[in-house]
Each structure stands twice: as structure tokens, then as C-alpha cells.
Amino acid sequence: MASHSHIGKPLPMTDAPGKVTGLGKYADDLTVTGMLYGKILHSVHPHARIRAIDTSKAEALPGVKAVATGKDAPNPYGILPIGHDERVFALDKARYIGDNVAAVAATSAEIAEAALDLIDVDYEPLPAWFDPLESMQATSNWIHEQKPGNVEKEYHHEFGNPEQAFAESAFIREERYYAGEVTHAAMEPHSTLAIWEPDGRLTVHSSTQVPYYLHRTIAEVCEMPMSQIRIIKPLVGGGFGGKSEVIPLEVAAPVLAKKARRPVKITYTREEVFYAHRGRPITIADLKVGLTREGKINAVAARVVQDGGAYCGYGPVTVLYSGALLGALYDIPNVRYDGYRVLTNKPACGAMRGHGTVNVRFAFESTLDQLAHDAGMDPVEIRRRNLLKAPCITVNGLRVTSYGLPECIEKAAERSGWAEKKGKLPYGRGVGIACSHYVSGAANPIIRSNMPHTTVNIKVDRDAAVTLFTGASEIGQGSDTIQAQIVAEVLGVKMERIKLVAADTDLTPVDLGSYSSRVTFMAGNACLEAAKNIRAQVFAAVAKKSGCDPAVLEARDDFIFSTRDPGLRMNFDEAAVAAIDFHGALVATGTYAPPEEARGGKHKGAGVGPSPSYSYSAQVVELSVDTETGQVRVHRIVAAHDCGKALNPLTVEGQIEGSVYMGLGQALQEEMIWNEGRLMNPSLLEYRTPTTLETPEIESIIVESNDPEGPFGAKEAGEGSLAATIPAVANAIYDAVGVRINSLPITPEKILAALREKEKQRGGKVARSNGGRR
Amino acid sequence: MNKELIRLKVNGEVHEVAVPPHKLLLDVLREDLGLTGAKRGCDDSSCGCCAVLVDSVAILSCVAIASCYQDAEIVTVEGIAPPGTLDPVQEGYALAGGAQCGYCTPGFLICTKALLARHPHPTLEEIRVALSSNLCRCTGYMQIYESVQLAIERAQAREAAKPAPVGR
Ligand code: FES
Ligand code: FES
């Protein structure tokens, strides 16, 4: 295979200059003439009927240009077609503290804020539900009348014969796991600028991962045709799923703009970001895993309850992902899954990096560690014995096309010095291993259709610039760069020649958005197709002009040349002009839709989980536990990730490290603390994302399994690593001090309590020096 | 609301703006001077996105009253290199992956600048401590350290490439 010019190179991101000079614009950096400032009034009750709202005093305040309430935009919306249960402003009931009740647009933020205080809302408080296990027993005061018993959705799946398999297992573990609620905490607070145009159209600049879903939703709630609305995604300061569905301010700003006939910008405070949430739900997982004497995983059964908050959001997808990926990392013939998405009077949960897989993976990998111990087997060895053999179809119908997990495990073990360390470090210090995987995009779109998931256009004009029109959303993960690299590679041109026009619904064709790690795979394949088409047109023109066979032509370094005739060489500028001359225009379209075989089984809920390909990760964590304070110090994390092919190793490593870091935060210190529906830590001081001081050295290892269908072999890199970090930490803590913590985050308090419990069970004798180790 | 006229020297240029007496430096920079490089990431001085240099020291502009800085040299991310050029720290972050979404980047650049000004050859531990009040949610910090190292190398290379002073 000829070596590549751009693919596989650690190139800097194409949008880096704007980011390092401060000149790049994020939504809140934008202002336009006549712009108003919007502020939202949030409910102070977790569950209350709204009897009446009086906005007259607010409207009378000088500087106030519009006040909107539920009546101004009564149409329901939601990210899932089955979950249209949200309204721009509450119509009848407020369902969580922070729910959106009304909004004001005024000439300054201070005036808007002051006007909020003048809105009188007559609330009738209702009994509220905070605990998911209690909420799902509710017989009255349901959060949504159409959801009896406060259960949003439940799914029951069985593959193979788990009962018989458990009966035949030599070792069985049954454990309950708890994962606290975590949130994205992207550094950029959400912001939306909605501009009412003089011709009656609406232009919306918003911090979104999904401009095309936003487009649909604004059309629905503003009762305007999509053709009259334009969505533009500016630079986005991180998403991690928190901007992957429509966030209330994104519809509130357009409603206000339409009412005021003026541009309106709303930017959340950090506190509002916490209440907008859509993060990873509290998860209670009852897990049972059976192992044969030979160390083969025989069966897994899980009952998972997720505390989804007050609205549907992505909830059914989250709970389905938890089931679909639970048994698909290893070769497991028997799987049972019972998943419940429960409503409570708290902000809605949603998609967060590693969507749906993270908390069950924590449960599974922790349990597997215990089973390895029961069977007297090394945790690395037990994983080796349960590998899939690609290509294959898992028991629940997921098609696996490439599988770099074996190499990930070997590399992570080798680089971390596993063999020398496992069980051999002094008491208080330990190592743990865990694995994970993730989809490279969902094979089935949220709104079912057979249309492409991504379409891109390329235009080359007489200036010989190559303009790529792509709907894909760069949110910091580097997708603009990857797409430019692919196009430059295929056309054999320099990176500087590629101009990218992205995520603007007036200019770019539909891409479903930056979620479920789909962009490299899907937009990448669409770019590949479009660029190959352009190249073929260029070659045809050059061949015609020089009287050669197009099959002998190649493109590289801004030149088209013949592999046969060293005299035939044309620079790209000339070749582009020749192609325009020959074809009339030099344009091409590329699309991507996952193949039929990748779209999964037929059972209810089978649509979630299938992906055209899966990434794989294995990690080893080394840490110390201070047995006096319970404090954990992580020394090093070795993270191997199979991304198919690293189109850009610099950005792939950045994604692996960022995922590991976020997993570490959830493992040890991040948790949203609720008290009767009120968030007790809605700030970055109290919701503690790891700083440089808490983040250890992360060594990322790229594994390349070369997926047969990925662009140049590439697959997912941005999410899959996160889920392995958490159980690797839990397993390392066990190795260090012999206690298992099944509850996240693993705080010093929980460790101390477990150490005391262990001490008590040994009759007060704690053998610190010789290793209380097991 | 009452406003007062204040003079701020930002990135070498003097600006006179009429602002309410309590207006924060971050808001004056972003709203009155159109310098949107410094970002707001939090409500309680916990993120570092808003950092600017005041007489070469990094401060959080979200908790600084603008009128108190009238005699100071204020430098924002837009001003750390002459227009059209990049400072070595900007090159470092751009090339080594230090800026993913880029939202934290202005704050990191400012704090890195301040660190290297007082300490041109910090150890990894010193870098870690110096950047510990800046939050980044994207990178896991590894490529930020690499960016700082690259910035140091680039600064050294530029120094070495400078023509020797005349007369020696
Ligand atoms: S905006 Fe967060 S510290 Fe200033
Ligand atoms: S690069 Fe996104 S927060 Fe640091």
C-alpha cells in the first residue's frame, strides 16, 4: 500500500489558529445590532401545578421587549419521536426545580434579570418523586399523566438460555452496583443567539452538537417551515453529549426573538448549565455473572434502573444501550436484561460520553474481577479466555467487523508491567485492569428513515480551492480536521487547499450530528466517496487532455502524474481547470448510510446498539490507597484503544486521554448531590471535575485493527475509553487494600467504611504490614 | 444606571469607556471592547477561562472590577503576540493538541505565559501546579503539558535564531 500524505499524520487541528488567538467565535462571543438579552424564569418547586402566571409587571418594566410563557409556544418536542413531552415553557406543571416557566428579552441582561423577579407564578405544589425505586412504585401524582407508575420505558431481553447456563456455572457472583449522577460540565456554558431577520426568517447560532435536530425542533415549536429557518453552529466549547439534544434555551431564544421581532441572545450561567444537565443518570444495577470452571463467561443477567429525571430526553436509548452493550464486549452466549427508565422530579438525564455503557461496564468489569479471583485466575487471563472472533454476530445481533481487544489487553498489560505488579505490590498499592467498547455511530437514526446519515458536497472552482460542505459538527473532537485530511489525501492536495464550510443548514447538507461517535466513520466515509468522485473527474479530464488511460494516473502533493510516463505531470490548479472545462463544473456529493447487515436484530429495542463497527479499549490503573484517610492517589493509567486506524494520532490520543480523565472523575470524585430535587453542588467549585493535580499520567496506546468498512480503516476514538477507567480503578483499589467498592464515586468515606467493615469481620485484627491483601 | 468613564490600557492600546462602577473587567473586555478571547466558564471564579495578564501576572477577570485596573498593563489572549503572528505558547498549544474545543485555551495560554515569564524552564510538576486553577474538560491535560514543553522549545529556538547584538 502506498504511504499516505495526510492520513495517519499527527496534524494540528485546522481550527487551532482561531482558538489560540482568541479570535474564533463561540456563540456567546457573537453580538448583532439591536440584540436583546434573554433570561429564563425557572421553577422553584420540584413538582407543582401552575395555576396562573402574571407577567404584566414584567412587561411594564422599561427595557423589556418581550415576555414569553408556555402559551406562546405550546407544541411539545423531544429528541426521540416517542418522547415529545417537553415544552419551551411549562404549560400546566413544573416538573423539576429549574424547569422552564417563562422568559424575558430586554435591552440588558440586568433588566431581563430584574423583570424575572416581577413575574408572578401561582404554583400549587404537588407531592414529588426523588428516589427512582420509590418513584417506580407510585400509584398517584405521576409526573406525566401518560406515564403510569412513573416508568418512562422498560425493556426485557433474553438471548440464549441464561437460567440453564447459570445452573451449569461453576462460579456465580451476584452484586448490586450504584452509580451516582454525573454531568458533562463542558467548559462552555450553553448559549444561543436567535436573530429575527427583516424578511421574516429566523437565523439561530447555537452551541449545539446537533444543528439539524435543532432545526426541526425550532420549526415545530415556532410553527415555521424549516425552509425559513437557518441554524449555524459556531465554535462549540465541548459537548460530551450535553449539547446533543435540544436544550431549553435553544428554543426559548427563538420564541422570544419571534415575539420581539428582534435578535435575542441567551447564555446560561454555570448554575443553569447544571440544571439543564442531560447527563448520566443514577444507575442501580443488579448484576449476575456465571463462569465455567475453565473461566468462560457462561451467562450474564442484569436488572438496571436508571433515574431519568423529569423528561424523556434520550432515556429509552440510554437504557437500551446499557442492555445492548452489556454482553457484547466478550463472547457471552446467554444474556438476560431488564432495563427500567424511571421518571423523577429532577432535571432530565440524557446522553453523556459513553452513553448508556459506562455504569453497567463498571458493574460487569468489577464482577469479572471477583470471578477471576474466585476461579484463581489472573484478571488478564480471564479476559483472554472470553474474546470474540471477528467477524461475528453477537448473541444479541450486533455485527462485529473488527476486534482489536486482544491486542489492547496485551499492550496495556505489557506497558503497565502487569505481570510484575499484580498482587505483588506492597499493601496499599495496587493495579487493576478493565475493558470497554463503544459504537462508531448508531446504525439506525433517531428518526427512522432510509436516508443517508451524512451527506457532503465538494466543489472545486477555477481558483482550484477545494471546498468541502459538511453538516458534521466540530465540537472540539477534531472532526473538521479529519474530514479535511480525508479529502486532501484522496485528491492528493495540500491541506491548505481544503476549505471547510460546516454545520450551517443553509449551506451544508444534513449530517445527523456529533453524538454516538459517528462522525469519523460516517462523515468520513461520505467525504471519501465525494473526494473519489472528484478525483475521477479530474483524472478523466487529465487523461483526455494528455491522451492517456485515467487508470495510470495518481495524485499527490498538488500534482497529477502518470505512473507509466514520467513526462506526464500536471499541477492541481491546471488539472482542476481542465476538469471544469471538460465537465462544466467540478462538484461531487458523497453520502453514507450503514449497511443493512449492520442494523441489528428484530426484537423490540433492537434498533439501539447496532453500529457499523465498534471500538475496543483495555486499561490498567496503578494507584495507592491511604488506609488512614481513604484517599486514593492514581499514579498512572495505561490506556490502549482500538480505533481501527488513527487518521490523526494526535487527536486520537487527545480523545483517549480526555475520555480516561473523564472516567477518572466519575470514578473518584464527581457526583451531583441532590436534596429533595435541589442540586447541592451546582458549581465547578463543588462539582469537582479533576484538575491537573488530580489527573495522573495517562499513557495512551493506539491499536489499529483496520476496520473493513471504516474510512481508511478508522472507527470510534472519542468515547469508548471512558468506561474502562472506572472499573479499572475499582479493581486496583481491591488489589491495593482488598476491599470492593460497588458505589460511585469511590470516595475516601466509602473506602474507610469498607476497610473498617473488613477489620470488624476479622475480629479487629488488621494485618497492615503483611498485606491485608485478600 | 450611573456610568463612569474609565481608561483601560489593553494590549498596548488605551480605551476610554463609560461603564457602571461595578462592572467586571471580563464584561468590559467582552462587551465594551469586543475582546471576546477571555471566556466566562463559571459563576464563582472556579474555572480559569477568563484569565488575563495584569502587569504580567495572571488574574481572573471575572472577579476583577474594571475600574480598579486603570493604571495597569492589561494583556488578553488577543494581545500576547502582534497581529498575524503567534507567540511560542500559542504555537505550542496549536501544534501539540493543547486546544481541543479551545474554550479553556485563552485561560491556559495566559497562565502559561505568566508561568514562563517568571520561570522559563519549569519542571513538569511546576507546570502542573501553575495550571492547577485552570479547568479543561477535553484534554485530560497530557497534551497541555506537551504544548507547554513545545512552547518552551520554540521560545528557545527563537532566542537562538536571533541575530547577535551588534558590536560584540
Ligand atoms: S469565569 Fe470562571 S474563573 Fe472567571
Ligand atoms: S480544550 Fe476544551 S475545555 Fe480545554
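Me: Quick one to start: is Phe521(A) buried or exposed?
Reply: In this predicted model, Phe521(A) counts as buried, because its relative accessibility is 1%.

Me: And which ring does Phe521(A) pair with?
Reply: Phe521(A) pairs with Tyr592(A), and since the ring centres are 5.8 Å apart with the planes at 75 degrees, the pair is edge-to-face. Phe521(A) lies in helix α15 (residues 519-546) of chain A and Tyr592(A) in strand β25 (residues 586-592) of chain A, so the pair ties together parts that are 71 residues apart in sequence. Tyr592(A) counts as buried too, at 9% relative accessibility.

Me: How many aromatic pairs does the structure hold?
Reply: Over all chains there are twelve aromatic pairs. One of them joins Tyr177(A) and Phe362(A), which is edge-to-face because the centres lie 5.4 Å apart and the planes stand at 80 degrees.

Me: Where in the chain do Tyr177(A) and Phe362(A) sit?
Reply: Tyr177(A) is in strand β8 (residues 171-179) of chain A, while Phe362(A) is in helix α10 (residues 358-374) of chain A, so that pair links distant parts of the chain, 185 residues apart. Both Tyr177(A) and Phe362(A) are buried.

Me: Which residues do ring pairs link into a cluster?
Reply: That cluster consists of Tyr213(A), Tyr314(A) and Tyr515(A), linked by ring pairs.

Me: What about charges, which ones lie over the face of a ring?
Reply: Lys288(A) lies over the face of Phe166(A), at 4.4 Å from the ring centre, and Arg569(A) lies over the face of Phe559(A), at 4.0 Å from the ring centre.

Me: Changing topic, how many residues are in the largest nonpolar core?
Reply: The largest nonpolar core has 164 residues, and those with the most contacts inside it are Leu287(A), Tyr330(A), Phe364(A), Leu405(A), Leu623(A) and Ile733(A). Helix α18 (residues 722-737) of chain A gives the most to this core, contributing ten residues. There is also a second, separate core of 47 residues, which includes Val456(A), Met495(A), Ala543(A) and Ala576(A).

Me: Take Leu623(A), what does that one touch?
Reply: Leaving aside residues up to four places away in sequence, the residues that Leu623(A) touches include Gly428(A), Arg429(A), Val632(A), His635(A), Val729(A) and Ile733(A).

Me: How many disulfides turn up over all chains?
Reply: A search of the whole structure finds zero disulfides.

Me: Now the two chains, what area is buried between chain A and chain B?
Reply: About 3800 Å² is buried between chain A and chain B, and carbon and sulfur atoms give 58% of that area. The contact takes 52 residues from chain A and 43 residues from chain B. On the chain A side, Val20(A), Met187(A) and Thr692(A) supply 21% of the area that chain A buries against chain B, more than any other three residues.

Me: Last one, where does Arg7(B) lie, and what does Arg7(B) touch?
Reply: Arg7(B) lies in strand β1 (residues 4-10) of chain B, and it counts as partly exposed, at 45% relative accessibility. Not counting residues up to four places away in sequence, Arg7(B) touches Val14(B), His15(B), Glu16(B) and Gln70(B). Arg7(B) and Gln70(B) are 63 residues apart in sequence, yet their C-alpha atoms are 5.5 Å apart in space.

Terms used. Residues numbered from 1 in each chain as written. Chains lettered and ligands numbered in written order. Predicted model: local features only at pLDDT ≥ 70, side-chain atom pairs only at ≥ 80, totals over all residues. Heavy atoms only, no water. Core = buried A, V, L, I, M, F, W, Y, C linked by side-chain atoms within 4.5 Å. Buried < 20%, exposed > 50% of the residue type's maximum accessible area, 1.4 Å probe, protein only. Helix = DSSP H or I, 4+ residues; strand = E, 2+ residues; numbered from the N terminus. Contact = heavy atoms within 4.5 Å. Disulfide = S-S within 2.5 Å. Phe/Tyr/Trp six-rings, centres within 6.5 Å; stacked < 30°, edge-to-face > 60°. Lys NZ or Arg CZ within 6 Å of the ring centre and 35° of its normal. Buried area = accessible area lost by both parts, 1.4 Å probe.
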